[in-house]
Amino acid sequence: MLEGKAMVEDSDMPVKMQMQAMAFASQALDLFDVSDCKSIAGHIKKEFDEIYGSGWQCVVGSNFGCFFTHSIGTFIYFQLETLKFLIFKGASTP
C-alpha cells in the first residue's frame, strides 16, 4: 500500500508503530486536502493518542524547523508525497 511512497528519514519507533504512522498519514491525506496540514496533523495525533495514550505531538508541512525532547521509542520523521511528517511523544522532565 505505502511501499515506495513513504520515505523514513529518521526514527527510533518499533517497525509496527512506524507502519501505523505512515498508514495514518496516508489515511489523513485521503480525508483532507494536502494544504490542510493542521487537520492532517490533528487526525494523526488523535489516532496515536487513542492507541498509545495521550501526549503525542504531530507536525506536518513542507517546510518547518523544530527542536524537541521525546520519549525513547516514540519518534518518526518521514516524507509522504509532498509533505514531511514528524510524530513523537513528549518526554516528561523532573
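Q: What makes the side chains of β3 alternate?
A: In this predicted model, I76, F78 and L80 point to one face of β3 and are buried.

Q: Which strands pair with β3, and in what sense?
A: Pairing takes at least two bridges between two strands. β1 (residues 6–11) and β3 have five bridges and run antiparallel. β3 (residues 76–80) and β4 also have five bridges, again in the antiparallel sense. Both pairs therefore meet the rule of at least two bridges.

Q: Which residues stand opposite one another in these pairs?
A: M7 has Q79 in β3 as its bridge partner. On the β4 side, I76 stands opposite I87, and L80 stands opposite L83.

Q: What lies between β3 and β4 in their hairpin?
A: Two residues lie between them. E81, in the turn, has a positive phi of about 55 degrees. T82 is also found in the loop between β3 and β4.

Q: Why is T82 called exposed?
A: Its relative accessible area is 57%. Exposed means over 50%, so T82 qualifies. T82 still touches V34 and S62, leaving aside residues up to four places away in sequence. The C-alpha atoms of T82 and K38 are separated by 15 Å, and these residues are 44 apart along the chain.

Q: Why is strand β4 described as largely enclosed by the rest of the structure?
A: β4 covers residues 83–89, and six of its seven residues are buried. Buried means under 20% relative accessible area. That is why the strand counts as largely enclosed.

Q: How do you know that β2 pairs with β4?
A: Six bridges join β2 (residues 56–61) to β4. The rule asks for at least two, so the two strands pair. They run antiparallel.

Q: Why is C58 called buried?
A: C58 has 16% relative accessibility. The limit is under 20%, so C58 counts as buried.

Q: What makes E47 a buried residue with no salt bridge?
A: E47 sits in helix α2 (residues 37–52). The nearest side chain of opposite charge is K46, 4.4 Å away. A salt bridge must fall within 4 Å, so E47 has none, although this residue is buried. E47 touches F24 and Q27, not counting residues up to four places away in sequence.

Q: Which residues have the most contacts inside the largest nonpolar core?
A: They are I40, I44, F48, V60, F78, F85 and I87, in a core of 22 residues. The elements giving two or more residues to this core are α1 (15–31), α2, β2, β3 and β4. α1 supplies the largest share, seven residues.

Q: What does I87 touch?
A: Its contacts include M13, A21, I44, F48, W56, C58, I76 and F78, not counting residues up to four places away in sequence. Q57, T74 and F75 are among them too.

How values were computed. Residues are numbered from 1 along each chain as its sequence is written. This is a predicted model: local features need pLDDT of at least 70, side-chain atom pairs count only at pLDDT 80 or more; totals for chains, interfaces and linings use all residues. Side-chain values use heavy atoms; hydrogens and water are left out. Buried means under 20% relative accessible area, exposed over 50%, partly exposed in between (1.4 Å probe, protein chains only). Helices (H or I, at least four residues) and strands (E, at least two) are DSSP runs, numbered from the N terminus. Lys and Arg count as positive and Asp and Glu as negative; His and the chain ends are not counted. Contact means heavy atoms within 4.5 Å. A nonpolar core is a set of buried Ala, Val, Leu, Ile, Met, Phe, Trp, Tyr and Cys residues joined through side-chain atoms within 4.5 Å.
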